[in-house]
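The following note is intended to be read beside the structure. Please keep the sequence and the model in view while working through the points.

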Amino acid sequence: MEYILIIISAVFVNNILLAQFLGTCPFLGVSNKVSTAAGMSGAVIFVMAIATLVTYLFQYYVLIPLGIEFMQTVAFILVIAGLVQMVEIILKKISPALYQALGIFLPLITTNCAVLGVAILVVSKEFAIGGDPHMLNMAQSVVYAAASALGFGVAMVLFAGIREQLDLANVPKAFKGTPIALITAGILALSFMGFAGLV
Amino acid sequence: MSKLSLLTKGIIKENPTFVLVLGMCPTLGTTTSAFNGFGMGLATLFVLTLSNVLISLVAKQVPDKVRIPVYIVLIAAVVTVLQLLMQAFTPALYATLGIFIPLIVVNCIVLGRAEAYASKNSVIDSTMDGIGIGLGFTLSLTVVGTIRELLGSASIFGIKLMDADGMLVFVLAPGAFIVLGYIMVLFNKLKSRIS
């Protein structure tokens, strides 16, 4: 039950893109086509779940025992950058088909602030899901990360669908490109606010 | 390019948010009020300037293949310094800006300037460039924050302008997207009028 609440909360109520503003760059950058948006989302789900697992272990078994929590930012970004490289190499070896589909998006993910953002969030914030505010344990953290990435994917694909239609619409010149995309995203965020209070 | 234009180019011509559309996450996430936007802008200015200085100093010694990881580590180190300073001197602001302070590491503006400018230019020019772009970013964030605060809570820099509540939606997430979208429309209009 708790896991279902975490998933609903992360995908709809606290959508990482539309409510927390993490990962806005790829949201605006690679959301012109539904297929690219879906590819990027797939890569993000994959990397975010693994990255959060590794940084969680790193935080609780390396940084805290050594008493160097202030090194969190440096350590996490290095762990994530290394991890993305590793995922890329392993994927190329064991599943060329998946590598073909996700490959070009993987290098972009290192600088996707959603990955670092979620990794820091799960070890620093208390969540009030299913009872009193508490720190998430390892399984919950990974579920939260995967669900956040899924929320990212849902928003990306929805938005890409809208933008494909938007290309055909007759938009005033000053609104073309990013401005109209932002305003559309605002309306999408407005509709996502309807989920508030669900969990 | 003269030293003065290095400082001012970030404000209009190469404005990082409105023209280059970089660093969207903090622009949307931290501008719930004018003061928060201003604070986030200054924090980024600090990191941008210091990382530009460090990178322009070491750029010649760093082999080309590993330059990006080296730059990221340097930037992360500067961000850590900033985190410790803010925890000590402005704990309230640090708490409000929250996750967006460590996320300066992955702000594309910082790495973008490191790669495009600081790695190729002298220390003094890079310092000026960092300050210039940082000022532009601070200005944009303050503008977005002011408009959102004005519409959302009917005040500016925490000073109540009238006895009204304002439209809450502008302080919440959707308002961020919509306000930024309309500011860009205005920018485009102004640019096409000038040229």
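1. Two residues are in contact if their C-beta atoms, placed from the backbone, lie within 7 Å. The model discussed here is predicted. By this criterion, and leaving aside neighbours within four places in sequence, A:Met48 is in contact with A:Ala114, A:Val115, A:Val118, A:Ala145, A:Ala146, A:Ser148 and A:Ala149.

2. A:Met48 also belongs to the largest nonpolar core, which holds 108 residues. Together with A:Val44, A:Val115, A:Leu116, B:Val47 and B:Ile75, A:Met48 touches the most other members of that core. Helix α8 of chain A, residues 138-168, gives the most to this core, namely eleven residues.

3. How many residues does each chain bring to the contact between chain A and chain B? Chain B provides 32 residues and chain A provides 31 residues. On the side of chain B that touches chain A, α2 (24-29), α4 (67-89) and α8 (173-194) of chain B each supply at least two residues. The largest share of that side, eleven residues, comes from α8(B).

4. B:Asn52 lies in helix α3 of chain B, residues 34-58. Is B:Asn52 buried or exposed? B:Asn52 is buried, because 29 other C-beta atoms lie within 10 Å, and the cut-off for a buried residue is 20 or more.

5. Not counting residues up to four places away in sequence, B:Asn52 touches B:Arg113, B:Ala114, B:Ala118, B:Ser126, B:Thr127, B:Asp129 and B:Gly130. B:Ile68 is 16 residues from B:Asn52 in sequence, and their C-alpha atoms are 13 Å apart in space.

Definitions and conventions. Residues are numbered from 1 along each chain as its sequence is written. Chains are lettered from A and ligands numbered from 1 in the order in which they are written. This is a predicted model: local features need pLDDT of at least 70, side-chain atom pairs count only at pLDDT 80 or more; totals for chains, interfaces and linings use all residues. A nonpolar core is a set of buried Ala, Val, Leu, Ile, Met, Phe, Trp, Tyr and Cys residues joined through C-beta atoms within 7 Å. A residue is buried if 20 or more other C-beta atoms lie within 10 Å of its own, exposed if 12 or fewer, and partly exposed in between; C-beta atoms are placed from the backbone. Helices (H or I, at least four residues) and strands (E, at least two) are DSSP runs, numbered from the N terminus.
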